[in-house]
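Please read these notes next to the sequence and the coordinates.

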Amino acid sequence: MSYTKNNSSDSSIKKELLSLTTTLQEMSLKLDNMDTKIDVFEQKCSNQMDLIHKELQLQKISDIEQSLTDVDGRLQEGENNTEFLLKQNTSLKYKIDELENRSRRNNLWIFGLPSNIKGSNMVFFNYMVTNCLKSS
C-alpha cells in the first residue's frame with residue numbers, strides 16, 4: 001500500500017511538475033512576446049520623437065526666415081528713408097546757398113562810412129542814399 005501511495009503521489013507530483021513546466025514555458029513565450037512588443041513600441045516612440053524634433057527644427061528655421069524677412073523689409077525702408085532725407089538735405093542746402101547769394105546781391109556796400117551810424121545820422125544817411133540813387 002505504501003508503494004501505491006508513493007506511486008500515486010509521484011504521479012501527481014509529476015503531473016504538477018509537468019503543468020508547472022508548461023506554464024513556465026508559456027510565461028516565457030509571453031515575456032518574449034512582450035519584449036518584442038516593447039522593442040517595437042520603443043522604436044515607434046523613437047521615430048515619433050525624431051519626427052517631432054525635425055518638425056521643431058523646421059518650424060524654428062521657418063520662424064527665423066520670417067524674422068529675417070521682416071528685418072530685411074525694415075532695413076530696406078530705413079535705407080529708402082535715408083536716401084530720401086539725403087536728397088532733401090542736399091536740395092535744402094542748395095536753396096539756402098541760393099538765398100544767401102541772392103540776399104548779398106541786394107546789399108549795398110559803401111566803403112569809408114563808419115559802421116556805427118545810429119539814430120538821426122542813420123535817418124539822414126537813408127535820405128541821402130535814397131535821393132542820390134533816384135536821381136542817378
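1. Basis of the notes. This is a predicted model, in which local features need pLDDT of at least 70 and side-chain atom pairs count only at pLDDT 80 or more, while totals for chains, interfaces and linings use all residues. Residues are numbered from 1 along each chain as its sequence is written, and side-chain values use heavy atoms, with hydrogens and water left out.

2. Secondary structure. The protein has two helices and zero strands; helices (H or I, at least four residues) and strands (E, at least two) are DSSP runs, numbered from the N terminus. Helix α1 covers residues 2-105.

3. Burial and surface. Of the 136 residues in the protein, 1% are buried, where buried means under 20% relative accessible area, exposed over 50%, and partly exposed in between (1.4 Å probe, protein chains only). The protein exposes about 13200 Å², and carbon and sulfur atoms supply 59% of this area. Accessible areas come from the Shrake-Rupley method with a 1.4 Å probe; for residues, only the protein chains shown count as cover.

4. Nonpolar patch. Ile13, Leu17 and Leu20 form a nonpolar patch on the surface, with about 290 Å² of accessible area together. Patches are made of residues with over 30% relative accessible area and no salt bridge; like charges are joined within 9 Å, and nonpolar side chains (Val, Leu, Ile, Met, Phe, Trp, Tyr) within 5 Å. Ile13 lies in helix α1 and is partly exposed, at a relative accessible area of 45%.

5. Negative patch. Asp32, Asp35, Asp39 and Glu42 gather in a surface patch of negative charge. Lys and Arg count as positive and Asp and Glu as negative, with His and the chain ends not counted; the place of a charge is taken as NZ of Lys, CZ of Arg, CG of Asp or CD of Glu. Asp35 is in helix α1 and is partly exposed at 44% relative accessibility.

6. Salt bridges. How many salt bridges does the structure hold? There are two, a salt bridge being a side-chain nitrogen of Lys or Arg within 4 Å of a carboxyl oxygen of Asp or Glu.

7. Glu83 with Lys87. The closest N and O atoms of this salt bridge are 3.5 Å apart. Both residues lie in helix α1, four residues apart, about one turn of the helix. Glu83 is partly exposed at 42%, whereas Lys87 is exposed at 54%.

8. Glu98 with Arg102. In this salt bridge the closest N and O atoms are 3.1 Å apart. Because Glu98 and Arg102 are four residues apart in helix α1, about one helical turn separates them. Glu98 is partly exposed at 24% relative accessibility, and Arg102 is partly exposed at 46%.
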